[in-house]
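Please read it with the structure open.

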Amino acid sequence: MANIFSYSIGRKLLMSLSGLFLVMFLLVHLLVNSFLILDPLLGTAEGEMYNAGVHFMTTNPFIRIMEPILAGGFIVHIVYSIILTIQNMRARGSKTYASGNKTPDVEWSSKNMFVLGIALLSFLAIHIAQFWVKMKITGDPRLDYTVEGHNAYVLVHETFQITWVMICYVIGGIALAFHLSHGFWSAFHTVGLSNSIWIPRLQKISVVIAWIIGLGFSTIALVQYLVYPLS
Amino acid sequence: MSEKKGLNLTLKVWRQKGPKEAGRFETYSVSNISPDSSFLEMMDVLNEQLIVEGKDPVAFDHDCREGICGMCSLYINGHAHGPDEDVTTCQLHMRKFKDGETVTIEPWRSAGFPVIKDLIVDRSAFDKIMAAGGFISVNTGGVPDGNAIPIPKKDADEAMDAASCIGCGACVATCKNGSAMLFVAAKVSQLALLPQGRVEAARRAKSMVAKMDELGFGNCTNTGACEVECPKGISIANIARLNREFLLAKLQD
């Protein structure tokens with residue numbers, strides 16, 4: 001049992017479980033982000049629900065415990081993707097086909113998971129620098145304390161007014177959708193929870209979940225930029 | 001029978017004298033090839049032409065020429081076993097090509113299958129994986145009655161489908177990761193689905209996967225390209241079964 005990760009299927013198991021864990025995180029993250037556009041829709045004060053959400057996420061003990069585990073999930077997923085990709089390139093060999101690879105019906109994202117992953121990692125670096133670092137380490141004048149805690153809404157709202165930031169977030173969301181559209185069903189396949197009946201079902205569920213999450217994040221950034229300019 | 005027009009083709013063929021030599025593409029022309037002939041018959045015509053010219057004929061693997069042995073192994077115009085679906089190279093016919101077309105013929109490419117000569121690659125890695133666990137042990141004695149153990153139709157069908165893998169290596173040749181998972185999955189499945197195969201199932205899954213890793217095949221990323229190019233249409237559902245077999249076996253260690 002202990003040496004399971006020295007097997008190819010064991011290493012893929014790590015990719016699959018860490019990936020599914022990160023999808024859970026994304027769903028929670030998307031839920032809190034959705035408060036950004038729910039406040040105006042529900043008629044609550046601007047940023048009230050969102051700030052309450054952020055307050056909960058930063059003070060709840062369970063979430064505080066999950067934070068380092070989440071970081072661990074990212075590290076495992078990234079480190080193992082690099083290890084597996086290097087091994088796979090080695091296994092493919094140095095000679096490429098002169099006539100190329102014309103296999104039809106192969107999902108584009110499935111062939112480009114590593115490239116999509118690099119794009120997402122670059123996005124993650126920008127994202128962490130813009131929000132996490134400011135909220136947790138350096139602080140920011142826009143985060144003036146309210147009764148409940150941080151006024152994260154102002155920081156988020158103002159950051160999304162910058163055009164290149166908005167474009168980054170929209171592209172990041174789309175890259176995420178492509179990455180998950182293969183990753184989600186593939187994770188189930190790798191742990192063995194799939195068969196000839198469930199492969200097409202899982203693939204469809206995967207596409208739906210991927211685009212809900214990906215376009216969800218993109219839409220929130222876009223709505224912040226277009227519909228709610230700085231008042 | 002109406003007279004069909006013969007095909008004139010330009011062939012770009014990979015030539016390599018030995019495993020250590022650097023190879024290169026050579027261009028040949030063949031003319032008046034019958035559209036009814038098979039791809040390997042076209043290769044025979046080319047080789048006869050080369051022998052008449054005093055040149056070294058092109059080395060390529062072939063045996064039964066009826067699509068069941070798994071020996072033929074050419075990568076033709078961007079596809080393992082060429083542009084037709086669910087056939088081996090020997091069952092690919094020249095009617096799939098157009099007159100005047102340039103046909104690129106390459107050996108399987110992957111670190112697990114080194115080139116021996118021209119279009120022949122060393123696929124003994126597959127034999128080593130089979131020797132690691134692709135068998136069942138039976139006691140000698142009287143032959144048991146074939147239908148003594150009832151087996152659900154679905155299991156029998158799926159085992160038979162998996163067993164139709166001829167071990168040609170098209171999956172490895174096609175896979176962007178040079179992974180042998182489809183082959184190993186088929187060979188594990190064909191036994192794991194049947195009661196006779198359950199006895200050694202856990203040991204088999206572990207040792208065949210270990211051997212596959214040891215021989216330098218890549219890690220599967222579920223692109224599904226293998227099942228598209230597989231001449232026997234082996235489903236990647238077998239890969240999910242192999243994952244299941246392996247993980248359950250490892251959990252018991």
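This is a predicted model: local features need pLDDT of at least 70, side-chain atom pairs count only at pLDDT 80 or more; totals for chains, interfaces and linings use all residues.

The points below take chain A, the interface, and then the sheet of chain B.

1. Everything below should be read as computed from it.

2. Chain A. Its secondary structure comes to eight helices and zero strands. Along the sequence the pattern reads α-α-α-α-α-α-α-α. The C-alpha atoms of chain A fill a box of roughly 60 × 40 × 35 Å along the principal axes.

3. Extent of the interface. The size of an interface is often given as the accessible area lost when the parts come together. For chain A and chain B that area is about 3,700 Å². Carbon and sulfur atoms give 57% of it. Three residues deserve a look: I9(A), R92(A) and Y97(A). Together they supply 18% of the area that chain A buries against chain B, more than any other three residues.

4. Polar side of the interface. How many salt bridges cross between chain A and chain B? The rule finds zero. Polar contacts are another matter: 29 residue pairs are counted between the two chains, with both residues at pLDDT 80 or more.

5. Five strands form an open sheet with mixed pairing. The order is β2-β1-β5-β3-β4 in chain B. Its edge strands are β2 (24–33) and β4 (79–80) of chain B, and each pairs on one side only. Strands of a sheet pair through backbone hydrogen bonds, either parallel or antiparallel.

6. Both neighbours of β1(B). Strand β1 (residues 7–15) of chain B pairs with β2(B) in the antiparallel sense, over eight bridges. Within that pairing, W14(B) stands opposite F25(B), and R15(B) has R24(B) as its bridge partner. With β5(B), strand β1(B) runs parallel, and four bridges join the two. There K12(B) stands opposite T104(B).

7. Helix on the sheet. Helix α1 (residues 39–52) of chain B lies across β1, β2, β3 (75–76) and β5 (102–106) of chain B. Its direction is at about 105° to β2(B).

8. One salt bridge to check. A search of the whole structure finds 18 salt bridges over all chains. One to inspect joins the side chains of R15(B) and D118(B), at 3.2 Å from N to O. Why does this pair tie together parts that are 103 residues apart in sequence? Because R15(B) lies in strand β1 of chain B, while D118(B) sits in the loop between β6 (115–117) and β7 (120–121) of chain B.

Definitions and conventions. Residues are numbered from 1 along each chain as its sequence is written. Chains are lettered from A and ligands numbered from 1 in the order in which they are written. Side-chain values use heavy atoms; hydrogens and water are left out. Buried area is the accessible area (1.4 Å probe) that two parts lose on being put together, summed over both. A salt bridge is a side-chain nitrogen of Lys or Arg within 4 Å of a carboxyl oxygen of Asp or Glu. A polar contact is a pair of N or O atoms within 3.5 Å; within protein, one must be able to donate a hydrogen and the other to accept it, and residues adjacent in sequence count only if both atoms are side-chain atoms. Two strands pair if DSSP finds at least two bridges between them. Contact means heavy atoms within 4.5 Å. Axes are lines fitted to C-alpha atoms, for helices over the stretch in contact, and angles run from 0 to 180 degrees between N-to-C directions.
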